[in-house]
Amino acid sequence: MKYLDEYRDPEQCRRLLAEVRRTATQQWSIMEVCGGQTHGLLRYGIDQQLDGCVRLIHGPGCPVCVTPLEAIDFAIELARRPGLMLASFGDMLRVPGSRESLLAVRGAGGEVRIVYSPLDAVRVAQQNPDREVVFFAVGFETTTPATALSVQQADRLGLDNFSLLVSHVRVQPAMEQLAASPDNRVQGFLAAGHVCTVAGFESYEQFVREYRLPVVVTGFEPVDLLVGILECVRQLERGECRVVNCYERSVAAAGNRAALAVVDDVYEICDRPWRGMGVIPGGGLRLRAKYAAFDATKKFGQAPLQVSEPPECRSGDVLTGRIKPTECECFGTRCTPETPLGAPMVSAEGACAAYHRYALPTAATP
Amino acid sequence: MSERLELSCPVPDSGAAEQILLAHGEGGRLMRRLIRTRLVERLGNKYLDALGDAAVLPACDGPLVMTTDSFVVSPLFFPGGDIGSLAVYGTVNDLAVAGARPRWISLALVIEEGLPLATLDSIVSSIAAAAQRAGVQVVTGDTKVVPRGAADRLFINTTGVGKLIEPAPAGPASLAVDDVLIASGPVGRHGMAVMAAREGFDFDPPPTSDSAPLVEAVESLRAARVPVRAMRDATRGGVAAVLHEWAEASGKTMSIDEGQLPVAPEVRGACELLGLDPIHVACEGTMVIAVPPAASADALAALRRVPVAAAATAFARVQERGFATVVVTRAAGQQIPLDEPLGAPLPRIC
């Protein structure tokens with residue numbers, strides 16, 4: 001299959017693995033920012049193959065994981081209201097809120113619908129004029145264009161029964177927070193390829209100048225991941241730090257201008273709390289004032305909610321790469337995909353879920 | 001008494017008969033007519049024609065094998081099949097992989113009020129064609145109609161009986177180190193076909209279900225005297241579920257070479273797009289066969305002689321129990337434990 005087989009070629013993988021091992025004269029700590037990359041690395045066992053020369057640290061790039069508990073609890077409260085339908089990406093359903101998940105609300109009769117595109121939620125609102133439809137808009141730069149488009153579409157159609165619960169996040173401010181932290185151990189970043197497809201990578205030039213850390217735009221297939229790691233290791237060995245695009249087949253320097261224009265029309269940058277990481281300046285997006293009519297928090301009045309994180313869950317440490325999921329005491333025991341304590345054990349891009357799925361059992365019980 | 005009941009039947013005999021009514025399940029004339037004209041006429045044989053409460057079947061020398069399965073697939077029709085043929089092949093295949101030659105099946109229909117009669121006709125015709133292809137007779141049945149909303153259009157249960165043909169496979173507990181595991185065809189087709197049809201995904205070409213009887217493929221292995229250790233049709237949970245079960249039963253590790261697992265390009269494309277792994281996606285006409293290494297070439301040759309297994313491929317081996325029950329080797333060359341998904345990624349596919 002074109003665009004797939006060449007990036008999963010065993011011979012290429014072997015060659016690249018050998019090249020990384022040959023190049024690294026010491027163990028380097030490299031953060032893969034995106035949860036999709038974490039899954040790729042573990043699914044193909046690349047982390048194990050590079051043991052000793054590259055320590056891969058998973059980053060905060062799982063939108064479901066960093067969605068604040070307040071937002072999830074508000075979504076749950078909305079879903080319980082009669083006559084209201086909450087639409088969401090499937091991943092969000094099993095994430096535990098303070099007391100329950102959206103899946104539990106659905107089981108109890110709440111109308112919670114999985115959609116594959118926010119535009120499907122607009123269609124549902126159009127077909128059900130007597131129902132309120134709220135789309136739970138989570139995600140990084142990758143998903144914002146589609147949710148922004150849904151707002152424009154609803155506006156054009158004159159829908160007054162469609163709104164968005166916005167919890168969009170921006171990845172670069174989170175990288176800045178990590179890089180600026182006094183206990184930062186990350187020596188180089190694999191930037192999230194799909195985010196860069198939309199956002200481009202020009203903004204990383206300033207980041208690199210400021211923090212003196214290499215940033216390599218990296219894809220998700222094993223060959224992509226290894227090419228990105230090799231580039232990062234080469235820079236580190238030479239004492240360089242540059243922005244390099246190793247995902248050229250889908251990323252352009254300026255990103256997707258059309259998508260960015262739609263996003264800019266609908267959203268503005270705001271400070272946002274990230275689950276496990278606290279408030280990140282400029283770390284989120286909110287609807288612009290001209291689209292306030294589509295803001296579910298204004299429409300339904302988000303009352304201050306009492307939220308409580310399970311005290312045992314160390315998702316904050318996991319999301320910032322301070323610990324590996326397997327170093328959490330609850331991993332695989334009190335916290336499993338069946339009974340998750342935190343979001344990283346639930347989401348398809350969650351680091352804990354990735355380790356639970358692919359890591360060797362010996363890694364869990366050292 | 002019955003005469004008076006028929007005369008006072010509140011539903012007219014003709015005209016209203018475009019769709020299933022509650023009266024079709026209430027034992028009156030409408031129900032008898034439905035059974036005679038729409039079911040027996042299409043499925044008839046000497047056992048069913050008797051319309052008794054139970055079928056009296058001929059004596060059989062040797063052990064019998066029996067299985068049952070219910071079918072709730074949505075949508076009722078999908079590329080490559082429908083709920084009717086699926087209900088026949090699903091049960092027939094359970095018998096075949098248990099080492100039996102399927103003979104008879106029962107057919108129980110739970111119909112939601114309002115199902116168009118044309119839909120029912122087309123499904124019953126499909127059942128008749130499938131039964132003929134699989135070499136089984138529908139010998140008894142039942143029809144129930146439930147009010148709107150109490151079921152989703154049509155649910156089917158089939159129970160199958162077959163004759164065990166010796167020597168039957170010893171079963172997964174007998175798996176030994178170096179045994180070869182063969183997939184009888186490309187995996188994941190049924191699950192993706194149903195998913196694409198249900199969600200309205202416009203894949204081009206669309207994935208088609210592999211729904212088909214495996215009887216011929218099993219007969220071909222038997223005729224070639226292949227010493228089969230175990231066979232399983234890879235339905236819910238796909239090939240991965242079979243291997244997890246076999247690993248547990250045998251105490252060994254099943255080791256998959258991902259590059260060897262046969263996957264149709266359209267299934268692979270759809271899976272990539274949706275973030276699914278074809279190894280977890282259901283098949284309805286594809287089985288996994290375990291044979292000793294010396295019998296592997298014969299098994300592949302016997303399978304490939306039959307159209308339904310023309311693409312049979314060896315994709316895994318049995319190893320001593322290692323660090324995980326099922327492991328997979330992917331492009332980067334590292335053995336990784338194969339995960340078992342929590343629940344079905346795709347509900348109501350059979």
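Q: What is the handedness of the link of A:Cys62 and A:Cys65?
A: In this predicted model, a disulfide joins A:Cys62 to A:Cys65, with the two sulfur atoms 2.3 Å apart. Because a pair of cysteine sulfur atoms counts as a disulfide within 2.5 Å, the pair qualifies. With an angle of 70° about the S-S bond, the link is right-handed.

Q: Are A:Cys62 and A:Cys65 buried or exposed?
A: The two residues are the partners in a disulfide of chain A, and the count of such links over all chains comes to one. On the scale used here, a residue with under 20% relative accessible area is classed as buried, and one with over 50% as exposed. By that scale, both A:Cys62 and A:Cys65 are buried.

Q: Which cysteine sulfur is nearest to that of A:Cys13?
A: A:Cys13 is buried, with a relative accessible area of 0%. A:Cys13 is in no disulfide, and the nearest cysteine sulfur is 15 Å away, in A:Cys246.

Q: Which residues of chain A lose the most area to chain B?
A: The contact takes 26 residues from chain A and 20 residues from chain B. Between them the two chains bury about 1900 Å², and 57% of this area is on carbon and sulfur atoms. On the side of chain A, three residues together account for 29% of what that side buries, and those that lose the most area are A:Met1, A:Arg43 and A:Tyr116.

Q: Which residue of chain B forms a salt bridge with A:Arg8?
A: Across the interface of chain A and chain B, the rule finds four salt bridges. In the one that involves A:Arg8, the closest N and O atoms are 2.8 Å apart, which falls inside the 4 Å cut-off and therefore counts. The partner of A:Arg8 is B:Glu272.

Q: How many charged residues does the side of chain A that touches chain B have?
A: Eight residue pairs are in polar contact between chain A and chain B. Among the elements that give two or more residues to this side of chain A are helix 1 (10-23) and helix 2 (35-43). By class, this side has 15 nonpolar residues and three polar ones, while the number of charged residues is eight.

Key: Residues numbered from 1 in each chain as written. Chains lettered and ligands numbered in written order. Predicted model: local features only at pLDDT ≥ 70, side-chain atom pairs only at ≥ 80, totals over all residues. Heavy atoms only, no water. Contact = heavy atoms within 4.5 Å. Buried area = accessible area lost by both parts, 1.4 Å probe. Salt bridge = Lys/Arg side-chain N within 4 Å of Asp/Glu carboxyl O. Polar contact = N/O pair within 3.5 Å; in protein donor to acceptor, adjacent residues only side chain to side chain. Helix = DSSP H or I, 4+ residues; strand = E, 2+ residues; numbered from the N terminus. Nonpolar A, V, L, I, M, F, W, Y, C, P; charged D, E, K, R; others polar. Buried < 20%, exposed > 50% of the residue type's maximum accessible area, 1.4 Å probe, protein only.
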